[in-house]
Amino acid sequence: MNIKKYLNKDFLKFIFSSLSSSVIDFVIYTLLVKTILNPDKLTSGILLSTAIARIFSCLYNYFYNKNRVFKSDNDIKSTLIKYSVYSVIQMLLSSLLVSSLYYSIHIDSVIIKCIVDTLLFFLSYFVQKKWIF
């Protein structure tokens, strides 16, 4: 396998897109739980803040990847549906793998999540490149 083939400008843009999406997710979540969705005042504050932040960061990620990383002219409706389905699958797969590994090998779940999500990150690049966009 030729690693230079995969470490191209598009992949570097994909890394930027993923990191900046994480920052957006974190900032929106923090703003919400520290203000209008404070969990001390609203029991569902954490869940709502997480969901709202994730929606905004996923939309940013989708449009950045569609327009800058993969430069796709494909229909927005079909690609957004595929992206949304894949995002849910990736989240569930992450949760399932982290849980399964945690209960079978008894290593800190945070360490397991870092490894699992890193592997899923690489998978995500190829899925988005070949199937979504």
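Helices (H or I, at least four residues) are DSSP runs numbered from the N terminus, and in this numbering S49 belongs to helix α3, which spans residues 45-69. The structure is a predicted model, in which local features need pLDDT of at least 70 and side-chain atom pairs count only at pLDDT 80 or more, while totals for chains, interfaces and linings use all residues. Residues are numbered from 1 along each chain as its sequence is written, and side-chain values use heavy atoms, with hydrogens and water left out.

With a relative accessibility of 0%, S49 counts as buried, a term that denotes under 20% relative accessible area (1.4 Å probe, protein chains only). A polar atom of the S49 side chain lies 2.7 Å from the backbone oxygen of G45. When neighbours within four places in sequence are set aside, S49 is in contact (heavy atoms within 4.5 Å) with Y29, L32, V33 and L37.

Helix α2 (residues 9-34) and helix α5 (residues 109-132) have axes, taken as lines fitted to C-alpha atoms over the stretch in contact, that come within 11 Å and cross at roughly 120°. At this angle α2 is oblique to α5. In this pairing, D10, F11, F14, I15 and S18 of α2 meet F121, F122, S124, Y125 and Q128 of α5.

K71, in the loop between α3 and α4, has a positive phi of about 45°, and H106, in the loop between α4 and α5, has a positive phi near 55°.

Definitions and conventions
Helices (H or I, at least four residues) and strands (E, at least two) are DSSP runs, numbered from the N terminus. Buried means under 20% relative accessible area, exposed over 50%, partly exposed in between (1.4 Å probe, protein chains only). A polar contact is a pair of N or O atoms within 3.5 Å; within protein, one must be able to donate a hydrogen and the other to accept it, and residues adjacent in sequence count only if both atoms are side-chain atoms. Axes are lines fitted to C-alpha atoms, for helices over the stretch in contact, and angles run from 0 to 180 degrees between N-to-C directions. Angles under 35 degrees count as roughly parallel, over 145 as roughly antiparallel, 65 to 115 as roughly perpendicular and the rest as oblique.
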